[in-house]
Structure formats: C-alpha cells, structure tokens
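Dear colleague,

Here is the structure I said I would pass on. My notes on it follow below.

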Amino acid sequence: MMTDPIADLLTRIRNAIHVERPFVDMPISKMKVRVVEALAREGFVWDHEIIEASPVSTLRVNLKYGPNGEHVIQHIERLSKPGCRVYVTVVDTMEVRQGLGISVLSTSKGVLSNREARKESVGGELLCQVW
C-alpha cells in the first residue's frame, strides 16, 4: 500500500528526467492524472496516456526536453504531505521563481496551477512546486 501517491508520481518524474528517459510509467490514479494534466497545460510535460491493462492500468507521462536536450523541469518538489498539509488562499498563491515556475493546487474547482487558481479566484491545498 502506498501512503503518498503524489510523492511517488513526483519522484518517478524526477528520476526519469535525471536519466533523460522519454517517458515514465506508473500505476494510475485520478489524482495523478489531474496533476499531470496541470503540468501539461503549463508546458512542463508533453502529454500523458492511459495504458489499459489487467489488473491495473498504467499512466504513461511523456516528458519534455528542450531543443538541445536541456531539462524543462529543473526542480520538482512536494510541499503538502500527508502528515502536514499546506493550504493557501487565493491571496497567498504567489509566483514561483518570478513566474518561471508553477505551484500545483488541489482546489474545489479541480487540480489547478497557481496561475489558473488566481484566474478562478480560488485557494486550496498546495501539492507541489515545479520550475
């Protein structure tokens, strides 16, 4: 049993980028799919696909690299943990690295980046930061 699937997702992405893999596979969950969709909307990963299998389906995340092979994701960090949740209001959602990075939040309107959360005027649980 896994206690923190979001930390598992971020660690798998971090490790795959470190060895420059084109994609990474992991067990699927709805929350993982929503986080990856937020990363794709902000341009940190290409896309994702769901590979149907029995008994467990797999989530494949296609990672993004620059034209010369540089890493698009330089840093990915889990902020809210199961033992210590971190919540922010819409006023507290500030820019990450002067706008070069994003925060991913779980809100009442779904999993959003900090930019999308400001547009929707909603706060929530701060899941991770990416730059």
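Asp8 lies in helix H1; helices (H or I, at least four residues) and strands (E, at least two) are DSSP runs, numbered from the N terminus. This is a predicted model, in which local features need pLDDT of at least 70 and side-chain atom pairs count only at pLDDT 80 or more, while totals for chains, interfaces and linings use all residues. Residues are numbered from 1 along each chain as its sequence is written, and side-chain values use heavy atoms, with hydrogens and water left out.

Asp8 is buried, at 18% relative accessible area (buried is under 20%, exposed over 50%, partly exposed in between; 1.4 Å probe, protein chains only). Apart from neighbours within four places in sequence, Asp8 is in contact with Met2 and Lys32, where contact means heavy atoms within 4.5 Å. A network of salt bridges links Asp8, Arg12 and Lys32 (a salt bridge is a side-chain nitrogen of Lys or Arg within 4 Å of a carboxyl oxygen of Asp or Glu). Lys32 is itself among the buried residues of H2, as are Val33 and Leu39.

The whole structure holds eight salt bridges. These are three of the pairs:

- Arg60 and Asp25 meet at 2.7 Å, N to O. Arg60 lies in strand S3 and Asp25 in strand S1, so the pair ties together parts 35 residues apart in sequence. Arg60 is partly exposed at 21%, and Asp25 is partly exposed at 29%.
- Glu116 and Arg41 have their closest N and O atoms 2.7 Å apart. Glu116 is in helix H3 (residues 114–120) and Arg41 in helix H2, 75 residues apart. Glu116 counts as buried at 18%; Arg41 is partly exposed at 44%.
- Arg85 and Glu125 meet at 3.0 Å, N to O. Arg85 sits in the loop between strands S4 (76–78) and S5 (87–88), and Glu125 in strand S8 (residues 124–130), 40 residues apart. Glu125 is buried at 12%, whereas Arg85 is partly exposed at 41%.

**Sheet and helices**

Three strands form an open antiparallel sheet in the order S1-S3-S2 (two strands pair if DSSP finds at least two bridges between them). The edge strands are S1 (23–27) and S2 (45–51). S2 pairs with S3 (residues 58–63) over six bridges, and Asp47 has Asn62 in S3 as its bridge partner. Helix H2 (residues 30–41) packs on the sheet, touching S1, S2 and S3, at about 155° to S2; axes are lines fitted to C-alpha atoms, for helices over the stretch in contact, with angles from 0 to 180 degrees between N-to-C directions.

Regards
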